[in-house]
Amino acid sequence: MGQSRKSHFEHLSADRDAVFAQIMNKLETYRSGHNELDSKSSCRATGTRVRIPPSPPEISGILCIQRVPFLYLLKFTAHRRQKELLRTVTGKAQIMNRISTAERNTKETQIALTLNLDGSGKSNLATGIGFFDHMLDGFTRHGLFDLDLKVKGDLEVDSHHTIEDTGIVLGGAIREAAGDKKGIRRYGYSLLPMDETLVMCAVDLSGRPYFCWDAQFTCDRCGDMDTEMAREFFYAVSYAGAMNLHIKVMYGTNNHHIMEAIFKAFAKALDMATMYDERITDVLSTKGTL
């Protein structure tokens, strides 16, 4: 390699090291004042993984250095589903969560829901049906969504209206929070085991509702939730959310395991479908819209 070419690359390497040093200084300065670390916030730069607290004022998400001809940019690709941002070293990354708030009030149910697709798995649930709360808690925890849900339904009749209407509101909230769907993967799938049970779930946030269900239960209830309402719930989610949703129980014998694996498989599939992908700059469709 010629001397001038070698000097050029040495200069680029020095620039890169200087940028990296600035990043580390900012992280250490911010980190020194915080003791609690967020499991979803991290920094990956030149192969080194650095843990940082949640939502720093200037640096957030997965931070990496990308070489662009004659220029190094900080490419802020937020962990999983947050807005993709490009900024210079001195720029600020303002990352917005995708949050939707919805209500439904009828003579049968009163529902208030807030969903954050870019959450950390936190839930605050009160549907009046303990087992249903347990399933929704698994959905939020394993999908890493945040969900606040309050439901007052006519449980003196049965659980049908409460569970079905919750599915309608949740599906609508997913659709609203996903927004224009630019930059997201759109498709998601999961093959999820739970002891003797194996469940497959696939999602397409296509804007077109379609629902396929292949699951059988051998008892009428799991706790205080009617098992037949699982299908009604996911049917409502798929149509209100305008998504293709396929759920199939490959095998399983324990009804609790089957039900829980279905909710968790849906969570993992939806999580994948709502992730941002840096290679996708618009909507993932030949039509140009979803």
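I began with exposure: I call a residue buried under 20% relative accessible area, exposed over 50%, and partly exposed in between (1.4 Å probe, protein chains only). This is a predicted model, so I kept in mind that local features need pLDDT of at least 70 and side-chain atom pairs pLDDT 80 or more, while totals for chains, interfaces and linings use all residues. I number residues from 1 along each chain as its sequence is written, and side-chain values use heavy atoms, leaving out hydrogens and water.

**Entry: overview.** I found 5 helices and 15 strands in the protein chain; helices (H or I, at least four residues) and strands (E, at least two) are DSSP runs, numbered from the N terminus. Of the 290 residues, 48% are buried. I took a contact to be heavy atoms within 4.5 Å. Among contacts with a separation of 6 or more, 67% join residues 24 or more positions apart.

**Entry: the sheet with β9.** Which order do the strands take in this open sheet? I read β6-β7-β9-β8, with mixed pairing; two strands pair if DSSP finds at least two bridges between them. At the edges I noted β6 (99–105) and β8 (123–126), each pairing on one side only. Strand β8 pairs with β9 (residues 146–153) in the parallel sense over 4 bridges, and N124 has D148 in β9 as its bridge partner. Helix α2 (residues 130–143) packs on the sheet and touches β8 and β9, its direction making about 160° with that of β8. For such angles, axes are lines fitted to C-alpha atoms, for helices over the stretch in contact, and the angles run from 0 to 180 degrees between N-to-C directions. Helix α3 also packs here, touching β6, β7 (109–116) and β9, at about 35° to β7.

**Entry: T166.** Is T166 buried or exposed? I have it as buried, at 1% relative accessibility. T166 lies in helix α3 (residues 160–178). Apart from neighbours within four places in sequence, T166 contacts I111, F132, L149, V151 and F233.

**Entry: salt bridges.** I counted 10, each being a side-chain nitrogen of Lys or Arg within 4 Å of a carboxyl oxygen of Asp or Glu. In one of them R104 meets D165, with the closest N and O atoms 3.5 Å apart. R104 is in strand β6 and D165 in helix α3, so the pair ties together parts that are 61 residues apart in sequence. R104 is partly exposed at 28%, whereas D165 is buried at 3%. D148 turned up again, in a salt bridge with K150 (3.6 Å, N to O). I also logged E232 with R231 at 3.7 Å between the closest N and O atoms; R231 is partly exposed at 35% relative accessibility, as is E232 at 22%. Shared partners join R185, D277 and R279 into one network of salt bridges.

**Entry: the sheet with β15.** This open sheet runs β10-β11-β15-β12, and the pairing is mixed. I see β10 (187–194) and β12 (210–214) at the edges with a single partner strand each, so one side of each has no neighbour in the sheet. Strands β10 and β11 (residues 197–204) pair in the antiparallel sense over 8 bridges, and Y189 stands opposite A202 in β11. Helix α4 (residues 229–240) packs on the sheet and touches β12 and β15, its direction making about 160° with that of β12.
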